[in-house]
Amino acid sequence: QVQLEESGGGVVQAGGSLTLSCVIFRSFGTASSLGWYRQAPGKERELVATVTDGGSINYADSVKGRFTISRPNAKNTVYLQMNSLKPDDTAVYYCKAHIHLVPTAYVYWGQGTQVTVSS
């Protein structure tokens, strides 16, 4: 069974940095897209950043210039470097993968990792 494992969350002061990692285990193929989403208490889950196997990257406006998503060699590992963190960045961060096995596209989520930014 495909499993996404996130790590790297924690508590950091405003202005600090964290790096999140996500690894896909037991995948049946290379993910066409990997991304990070987050959900703060009382809010809906929102996109943070995504990267395709072709290298196309998309960021939420709220994190542009502060966060960097990377996917070495377009494999099934993705990182999120988060700099200049703000209290508003506090949330559970989830990794998401799209894996295609023609003709079906499968979507998988990790369990999430908590990021807390103190003011």
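## Overall size

The radius of gyration here is taken over C-alpha atoms, and the globule rule to hold it against is 2.2 Å times the number of residues to the power 0.38. For 119 residues, that rule puts a compact globule near 14 Å, and the protein chain has 14 Å, so the two agree. Along the principal axes, the C-alpha atoms fill a box of roughly 45 × 25 × 20 Å.

A quick note on where this comes from: it's a predicted model, where local features need pLDDT of at least 70 and side-chain atom pairs count only at pLDDT 80 or more, while totals for chains, interfaces and linings use all residues. Residues are numbered from 1 along each chain as its sequence is written, and side-chain values use heavy atoms, with hydrogens and water left out.

## Strands from end to end

The protein chain has zero helices and eleven strands (DSSP runs numbered from the N terminus: H or I of at least four residues for helices, E of at least two for strands). Walk along the sequence and you get β-β-β-β-β-β-β-β-β-β-β.

Take the contacts (heavy atoms within 4.5 Å) between residues at least 6 apart in sequence: 54% of them join residues at least 24 apart.

## The disulfide

Cys 22 turns up again in the one disulfide of the structure (a pair of cysteine sulfur atoms within 2.5 Å). Its partner is Cys 95, with the sulfur atoms 2.1 Å apart. Cys 22 lies in β3 and Cys 95 in β9 (residues 91-101), so the bond ties together parts 73 residues apart in sequence. The torsion about the S-S bond is about -85°, which means the disulfide is left-handed.

Across the 119 residues of the protein chain, 40% count as buried. The chain exposes about 6300 Å², with carbon and sulfur atoms supplying 48% of it (by the Shrake-Rupley method with a 1.4 Å probe).

How values were computed:
Buried means under 20% relative accessible area, exposed over 50%, partly exposed in between (1.4 Å probe, protein chains only).
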